[in-house]
Amino acid sequence: MNIFNIIKDVLAPKKCYSCKKEWHFLCKKCLEEIGYFESICPVCKEKTRDFEVHFYCKKETISLDKVIILTHYQNKIIKKLIKDAKFYGKKDILEDIAVYLWEKLFDHIEENTQDIILIPTPMYFWKKLKRWYNQSEILVKNMSKICQIDYNNSLIKKVRNTKAQSHLSKIERMENLQKAFSIDEKLIQNLKNKTFIIVDDVVSTGSTLHEISTLLKKYGVKKIYWLCIASD
């Protein structure tokens, strides 16, 4: 922690959104009371080992190997934390959550840190310019500092501005994201043997997951995991 952050925490300390105790926006005790997301396959919603996508589900509908989820989006505290971090400039919230994401990740993977690369979910440049930041990039940078894992925020780019996914049907979401992402073809050649951990805030239907993971698989990436804060 740098001196600026120390002074900031003394003058305006963080307070847990739930219990109001100082030093964290969400303390560990309150997160445990809210509850962690159980290990289920994101396709069929049945129990699975370490958030693995069942072989038969992967074959039919999705290119990912795991979708690791921290907690439940329908909880009002989690929902407010994510919205404040995402839309209202409270980026410090993401520093707290990055710690919990790191802990969750290493409870459910076997890979060595040198074999992993963290990738933020890309945001269209105009949207990022209006918001001033991409919340997924902040999560990735903080996780990289915590656990000394490499990250890359330029490998995948969003090249087409798409409609907001929240108001679309599942089929419309898939169509909305077609050809929305591009990949750095030279860079991927040096990274395709890594295990990719793509980091995001919320996952719902999995349309973005599918589109990006399909693109990565096309270029020979063997293992792709998705790590996110919350899901329904």
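Let me begin with Phe51, which counts as buried because its relative accessibility is 0%, and a residue is called buried when that value is under 20%. Please keep in mind, as I go on, that what we are looking at is a predicted model.

If you follow the chain to find this residue, you will see that Phe51 sits in the loop that runs between helix H2, residues 28-34, and helix H3, residues 55-61. What is the phi of Phe51 near? The phi of Phe51 is near 65 degrees, which is a positive value, and Phe51 is a residue other than glycine. That deserves a remark, since most residues other than glycine have a negative phi.

Now let me turn to Gln148, where phi is again positive in a residue other than glycine, this time near 55 degrees. Gln148 belongs to the loop between helix H7, residues 135-147, and strand E3, residues 150-151. Is Gln148 buried or exposed? Gln148 is exposed, because its relative accessible area is 62% and the cut-off for exposed is over 50%.

With those two residues in mind, let us step back to the chain as a whole. Its secondary structure consists of ten helices and seven strands, and of its 232 residues, 51% count as buried. If we take the contacts between residues at least 6 apart in sequence, 69% of them join residues that are at least 24 apart. Finally, the accessible surface of the chain is about 12700 Å², and carbon and sulfur atoms account for 53% of that surface.

Note on methods. Residues are numbered from 1 along each chain as its sequence is written. This is a predicted model: local features need pLDDT of at least 70, side-chain atom pairs count only at pLDDT 80 or more; totals for chains, interfaces and linings use all residues. Side-chain values use heavy atoms; hydrogens and water are left out. Helices (H or I, at least four residues) and strands (E, at least two) are DSSP runs, numbered from the N terminus. Buried means under 20% relative accessible area, exposed over 50%, partly exposed in between (1.4 Å probe, protein chains only). Contact means heavy atoms within 4.5 Å. Accessible areas come from the Shrake-Rupley method with a 1.4 Å probe; for residues, only the protein chains shown count as cover.
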